[in-house]
Amino acid sequence: MQQPSVTFTPVTDSVPIIVGAARSGTTLLRAMLDSHPQLAITPESYFLVSLAKSRRFTRQQPFDLDSFVAALLHHPRFQRWGLPPENVAKDFRQPTVDNHGAAFRILYAAYGAHHRKSRVGDKTPWYVHHIPFIAELLPEARFVHVIRDGRDVALSQGRGPILGALNWRRAINDGKSAAARLGAGRVLEVKYEDLVTHPEASLRNVCMFLDLDYDSAMLAYTDHADRIRAGFNRPESVAHARISESPSLRRDGWQVRMHTQDVLQFEHLAGRSLIACGYELSGLPRSRVVAARASVVAVSIRIQLLVRRVYDRLAH
């Protein structure tokens, strides 16, 4: 069935952007919100930042719509959205599309029309590092920062306690910094643990933040698991496959599955962030040897990441 064409109109409704450290529960929240009869949440986009910051566009005056559309349609993340490229290209033929913000509004509207929803949001965890930039690009954006105990996040990521601590701490610090800068009206923190144990209360809070009427259909999100999985980066992953199941807090969380030394390393590097998020530390006796070793490895990892970022920036 041919989907209706989208005509650009000024956006008045808030646009939810789900962010957070990887494996913090952003997929769960996306599945819940996407099950709302009025709201569609896109798969991870990434191009919202990458295209808006691309040298090809920041150096061009005025905004080159043709170049933007060409880059968008060839972007692998956009192709996972399942939108017919010819329809999207047609939707962009609007006289008011003269900047990135207007272009992204057209794109979100096209996704909503494709799924017959009146409101649209985005789920890209990585945007937690770019909240102020996106907030300026899209003043209607409202950011929902999903937070989960970093020790469980590190276990879920499987990258070890030190890299896990560095990644989680950075996401938490960037999210909280943006919340302090933009205010409670733009950034809402949602605990993964609350979302699992008290889903209705958590979702009502999110809906209030988004000026969206609460609908119990969000609690039946497992009925739409196939459509949610369609936009996953790695559909074969265990965490993504579980979206069809109602979640429950693991009885074998970090307290059971995380080695004592790993807990000490994580808490040495990210203990303050754990406390800032309301999580209790393990209470294990500190080890100077373990702490020193964690600090040395952390410095090595930071140097490697810095070199990689500089190389990528020069390459592009």
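Predicted model: local features only at pLDDT ≥ 70, side-chain atom pairs only at ≥ 80, totals over all residues.
I'll start with the overall content. The protein has 316 residues, and 49% of them count as buried. Its secondary structure comes to 17 helices and 5 strands. If you take the contacts between residues at least 6 apart in sequence, 76% of them join residues at least 24 apart.

Now helix H1. It runs over residues 26–34, and Thr26 belongs to it. How many of the residues of H1 are buried? The count is 9 of 9, so the helix is mostly covered. The buried residues of H1 include Arg30 and Asp34, along with Leu28, Leu29 and Met32. Thr26 itself counts as buried because its relative accessibility is 4%, and the cut-off for buried is under 20%. Leaving out residues up to four places away in sequence, Thr26 touches Ile18, Val19, Gly20, Lys123, Pro125 and Val146.

Next, the nonpolar cores. The largest one has 65 residues, and the members that touch the most other members are Phe68, Phe92, Leu107, Phe143 and Trp168. Which helix gives the largest share of this core? That is helix H10, residues 161–182, with 8 residues. There is also a second, separate core of 23 residues, and Val206, Phe209, Met218 and Tyr221 are among its members.

Two packed helices are described by the angle between their axes and the distance between the axes. The axes of H10 and H16 come within 9 Å and cross at roughly 5°. H10 and H16 are therefore roughly parallel to each other. On the H10 side, the residues that meet H16 are Pro161, Ile162, Gly164, Ala165, Trp168, Arg169, Ile172, Asn173 and Lys176. On the H16 side, those that meet H10 include Asp262, Gln265, Phe266, Leu269 and Ala270.

H16, residues 260–276, also packs with helix H9, residues 150–157, at an angle of about 130° and with the axes 10 Å apart. This makes H9 oblique to H16. Gly150, Arg151 and Ala154 of H9 make the contact with Phe266, Glu267 and Leu274 of H16.

Now the rings. A pair of aromatic rings is described by the distance of the centres and the angle of the planes. The structure holds 11 aromatic pairs, and I'll go through two of them. In the pair of Phe68 and Phe92, the ring centres are 6.1 Å apart and the planes are at 75°, so this pair is edge-to-face. Phe68 is in helix H4, residues 65–73, and Phe92 is in the loop between helix H6 and helix H7, so the pair ties together parts 24 residues apart in sequence. Are these two residues buried or exposed? Both Phe68 and Phe92 are buried, and for Phe68 the relative accessible area is 0%.

The other pair is Trp81 with Tyr108. Here the centres are 6.3 Å apart and the planes are at 20°, so the pair is stacked. Trp81 sits in the loop between helix H5 and H6, while Tyr108 sits in helix H7, 27 residues apart, and the pair links distant parts of the chain. Trp81 and Tyr108 are both buried. These two also belong to a cluster, in which ring pairs link Phe47, Phe78, Trp81, Tyr108 and Tyr111.

Lys53 lies over the face of Phe133, 4.7 Å from the ring centre. Lys191 lies over the face of Tyr279, at 4.5 Å from the ring centre.

Finally, two C-alpha distances to Leu51. Phe68 and Leu51 are 17 residues apart in sequence, with 7.7 Å between their C-alpha atoms. His100 and Leu51 are 49 residues apart along the chain, and their C-alpha atoms are separated by 8.5 Å. His100 is in helix H7, and its relative accessible area is 11%, so His100 is buried.

Definitions and conventions
Residues numbered from 1 in each chain as written. Heavy atoms only, no water. Helix = DSSP H or I, 4+ residues; strand = E, 2+ residues; numbered from the N terminus. Buried < 20%, exposed > 50% of the residue type's maximum accessible area, 1.4 Å probe, protein only. Contact = heavy atoms within 4.5 Å. Core = buried A, V, L, I, M, F, W, Y, C linked by side-chain atoms within 4.5 Å. Phe/Tyr/Trp six-rings, centres within 6.5 Å; stacked < 30°, edge-to-face > 60°. Lys NZ or Arg CZ within 6 Å of the ring centre and 35° of its normal. Axes fitted to C-alpha atoms, helices over the stretch in contact; angles between N-to-C directions. Parallel < 35°, antiparallel > 145°, perpendicular 65-115°, else oblique.
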